[in-house]
Amino acid sequence: MGRQWLTRHASALPAYGMVEIERAIRSLRPSDLIRFSLGEPDFDTPDHIKEAAVQAIREGKTHYTPGDGIPELREAIADKLQKENGLAYPADQVSVVSGSQEGISVITGALFEEGDEVIMGNPYYPPYFINTVLRGSKPLFVPLLPENNCQMMASDIRKALTPKTKAIILVSPNNPTGGVQSLEELKAISEIAIENDLLVISDEIYENITYDGHRHYSIGSLPGMIERTITQNGFSKAYAMTGWRIGYFGAPKELCPKLQEIHRATTICASSVSQYAALAALRGPQDCVVRMAKEFGRRRDLVLRILRQIPDLGMAEPSGAFYVFPDFGAYTDSDGQLVAELIRETRVVTIPGSSFGPLGKNHIRISFASSIELLEEGLERVRKHLVTRKRS
Ligand SMILES: Cc1ncc(COP(=O)(O)O)c(C=O)c1O
């Protein structure tokens, strides 16, 4: 036996759920595939944002910036958080990072260790699970069920709590379920956090994308919460800026020095040019954000209309974000095999629900960050395939 190079925690991570899928795709021509697997808006970054980046390059703003971000961007973010979210983080408690994904690594690296238990939704956004396990902490799953509109329920958190519980991770609007936490539920969760001295990590990256009158609320704006809440957000989804890699978090004052030190040790600073683009995004017109969110609403309605024609599908209608997460239990007991079959038979690529945790079993995640034409074409193929298959 050779030496075990991987840490125990890295070895404990489940196999990457997309391996089988990537194998199925490899032999196919990329242009034949319709991909509903991507978690990124298909829109182009608005022109005024791109122009700001070009100008930054011309002006030679191409060097390292202060580790936590250029001061004017931190100010603009603090301003936005205060005005739009009621979050009172001063600019020096805001850190600009290389995508909010970096935030997940920095935050868990600073705050979680062996013996800690962390409450998270099941299904979950995988990087929260992976980073929690990597730190040697134990995820405590709380179910996100269709009958609760896929919300994390305070009553379930109470059941999961133990004396070792340190934090609650909330992702609302949620990836992959599309659930949006109501104000009432957030209030109940905030009471639990205060009573039990818990930290809350609130991922609000899909805040602008909600449907059917659902509204996003920031838990850190509730009484007594700003001092125990880290709010994660970024530019990827609202401004179609996934490739620019700019995210940010606001954190309680006493945590900032270590979080910022770990961030600097990780990436030194976020891309300088992208920070100027992000500044233009916040300072410029916001109609692009509203327009894109509205288009996601149109697509969601189309997706639901087609999926409802597939018999026996269990489906929670997403209240936010741009994913739908139907239960194909009537068709399969292996979501990985179903996804591979759909690629083979329809050339449509989705993600197996099991990659998002145990309650994702038999589900698949369909992203509707694609054009209406592609959604119609791809989902019709899926519908026809499943209807014929079931009858046979
Ligand atoms: C819930 C959630 N948080 C964070 C991220 C990462 O976003 P960023 O592009 O800012 O790193 C994603 C990306 O899909 C996400 O779905």
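Tutor: The expected span of a helix is 1.5 Å times one less than its number of residues; helices (H or I, at least four residues) and strands (E, at least two) are DSSP runs numbered from the N terminus. The model is predicted, so local features need pLDDT of at least 70 and side-chain atom pairs count only at pLDDT 80 or more, while totals for chains, interfaces and linings use all residues. Residues are numbered from 1 along each chain as its sequence is written, and side-chain values use heavy atoms, with hydrogens and water left out.

The helix to look at is H9, residues 256-267. H9 has twelve residues, and its first and last C-alpha atoms are 16 Å apart, close to the 16 Å expected at 1.5 Å a residue. Its buried residues (under 20% relative accessible area with a 1.4 Å probe, protein chains only; exposed is over 50%, partly exposed in between) are Cys256, Leu259, Gln260 and His263. These four lie on the same side of H9, because they cover an arc of only 95° around the axis, the arc being that of the directions from the helix axis to the C-beta atoms. An α-helix has 3.6 residues a turn, so residues three or four places apart point the same way. On the face of H9 turned away from the buried side are the exposed residues Pro257, Lys258 and Ala265. Just after H9, Ile268 has a positive phi of about 65°.

The cover over the buried residues of H9 includes H4, E2, H5, E7 and E8; contact here means heavy atoms within 4.5 Å.

H4 runs over residues 71-85, 15 residues in total, and spans 20 Å from first C-alpha to last, close to the 21 Å expected at 1.5 Å a residue. Its buried residues are Leu73, Arg74, Ala76, Ile77, Ala78, Lys80, Leu81 and Asn85. H9 is part of what covers them, as are the strands E2 (94-97), E7 (229-234) and E8 (247-250) and the helix H10 (272-283). Gly86 follows H4 and has a positive phi, near 65°.

H5 (residues 100-111) also packs against H6 (residues 126-134): their axes come within 9 Å and cross at roughly 25°. Axes are lines fitted to C-alpha atoms, for helices over the stretch in contact, with angles from 0 to 180 degrees between N-to-C directions. That crossing angle makes H5 roughly parallel to H6 (under 35 degrees is roughly parallel, over 145 roughly antiparallel, 65 to 115 roughly perpendicular, the rest oblique). Gln101, Ile104, Ser105 and Thr108 of H5 make the contact with Pro127, Tyr128 and Asn131 of H6.

Arg245 is not a glycine, yet its phi is positive, near 55°. Arg245 counts as partly exposed because its relative accessibility is 34%. Cys150, in the loop between E4 (138-143) and H7 (154-160), is another non-glycine residue with a positive phi, about 60°. At 7% relative accessibility, Cys150 counts as buried.
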